[in-house]
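Thanks for coming. I have one structure to walk through today, and I will keep to what can be read from the coordinates.

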Amino acid sequence: QPENLQKNWLREFYQVVHTHKPHFMALHCQEFGGKNYEASMSHVDKFVKELLSSDAMKDYNRARVYLDENYKSQEHFTALGSFYFLHESLKNIYQFDFKAKKYKKVTGKEIYSDTLESTPMLEKEKFPQDYFPDCKWSRKGFIRTRWCITDCAFDLVNIHLFHDASNLIAWETSPSVYSGIRHKALGYVLDRIIDQRFEKVSYFVFGDFNFRLDAKAVVETLCAKATMQTIRAADTNEVVKLIFRESDNDRKVMLQLEKKLFDYFNQDVFRDNNGTALLEFDRELSVFKDRLYELDISFPPSYPYSEDSSQGKQYMNTRCPAWCDRILMSHSAKELLLKVSRD
């Protein structure tokens, strides 16, 4: 619904820009054109033009936009997008050319789309098909750019990792099989950006990691005093639904779980105090604690918000709410930030 949602989204975005007045801004986008990208990609061009020409962004006199719109190439298509805005007060900004292996001064505004594979100013990869064989044409991958501001070089890596295909499968083991797939893909990215081809620099990895709460542990906690009913398909005997009811209180239904249903009776638990009580089940990053750092989370789970704009604070009853959208950094990037705040 671009005619309905785009105006609201841009208003919020411009408000954030106005409040914080960042000098360098990186914006992650994913699923460009939406699920129906063949029909909807035309909306993307209008969105980009609006962002680059709006009065709210007039002080950002340099910009780089990278959009993977090449949906006809299933082998390469990630539907990722990265926007970089540079404030006019910033001097001497350089971007790395991965083919020439040298930095080039950033001037003006440029848009790159369609075949990002031929753009030397970035590296783009789609994860191999065998990483997530259940999904025929997964659009998961990453885009990497490298920047230099006043002699400080750093990588910005825009990422989209694999989702949970079924709540029932996610619930079976702790950690889930999907968690293992994301672990493998993120490890691949981290190895790739620090390999021997280029000088090592500090890096930030940002976007949709699809990190989920440990489903088994969450359900066991939320439904600690419930009894579970298992419903199977008549023809295959496969489990298709789990129903958790309170042991007393008229056997009230607390949670219903299906492949794409997570219907918990009290959504407030995910919003109260920014969902802090559930952070102990957010465990996927712990595997990478030696390689990645994250600032404290101070916002409620970012997924899956209702797609009905009149219910902006409601979660959809499709998945357990989770902190999917993150900004992670190397430990050298963390030291860089702390140094800046100290000095």
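Start with N210, which is buried, at a relative accessible area of 4%. That puts N210 under the 20% cut-off, so the label buried applies to it. Before going further: this is a predicted model, so every value I quote is computed from predicted coordinates.

Where does N210 sit? N210 is in the loop between β10, residues 202–208, and α5.

K101 is placed in the loop between β4, residues 93–97, and β5, residues 102–105.

Next, E284. Is E284 buried or exposed? The relative accessible area of E284 is 11%, which makes it buried. E284 belongs to the loop that runs between α6, residues 268–271, and β15, residues 325–329. What does its side chain reach? The side chain of E284 comes to the backbone nitrogen of R212, at 3.1 Å.

The loop between α6 and β15 also holds P304. The peptide bond joining Y303 and P304 is cis, with omega about 0°. A cis peptide bond also joins S174 and P175, and omega is about 0° there too. P175 is in the loop between α3 and α4, the latter being residues 177–193.

Now the sheet. Which strands make it up, and in what order? It is an open sheet of four strands, ordered β1-β3-β2-β6, with mixed pairing. β1 and β6, the latter residues 109–113, are at the edges with a single partner strand each, so one side of each has no neighbour in the sheet. On average, neighbouring strands are turned by 5° against each other, with direction ignored.

Looking at the pairs, β1 and β3, residues 81–86, are antiparallel over six bridges. Within that pair, M25 has F85 in β3 as its bridge partner. On to β2, residues 62–67: it runs antiparallel to β3, and six bridges join the two. Here R64 has Y84 in β3 as its bridge partner.

Back to β1 for a moment. Although β1 is an edge strand of this sheet, five of its six residues, in the range 24–29, are buried, so the strand is largely enclosed by the rest of the structure.

The largest cavity has a volume of about 120 Å³. It is lined by 14 residues, and those closest to its centre are D164, N167, A170, A215 and C320. Two elements give two or more residues to this lining: α3, residues 167–172, and α5, residues 215–222. By class, the lining of the largest cavity has nine nonpolar residues, one polar and four charged.

Notes
Residues are numbered from 1 along each chain as its sequence is written. This is a predicted model: local features need pLDDT of at least 70, side-chain atom pairs count only at pLDDT 80 or more; totals for chains, interfaces and linings use all residues. Side-chain values use heavy atoms; hydrogens and water are left out. Buried means under 20% relative accessible area, exposed over 50%, partly exposed in between (1.4 Å probe, protein chains only). Two strands pair if DSSP finds at least two bridges between them. On a 1 Å grid over the protein atoms alone, a cavity is a set of points where a 1.4 Å probe fits but cannot get out, and a pocket is an open set with protein on both sides within 12 Å along at least five of seven lines; lining residues have an atom within 4 Å of a point. Grid points are joined across faces, edges and corners, and a volume is the space filled by probe spheres set on the points. Ala, Val, Leu, Ile, Met, Phe, Trp, Tyr, Cys and Pro count as nonpolar, Asp, Glu, Lys and Arg as charged, and the others, Gly among them, as polar. Axes are lines fitted to C-alpha atoms, for helices over the stretch in contact, and angles run from 0 to 180 degrees between N-to-C directions. A polar contact is a pair of N or O atoms within 3.5 Å; within protein, one must be able to donate a hydrogen and the other to accept it, and residues adjacent in sequence count only if both atoms are side-chain atoms.
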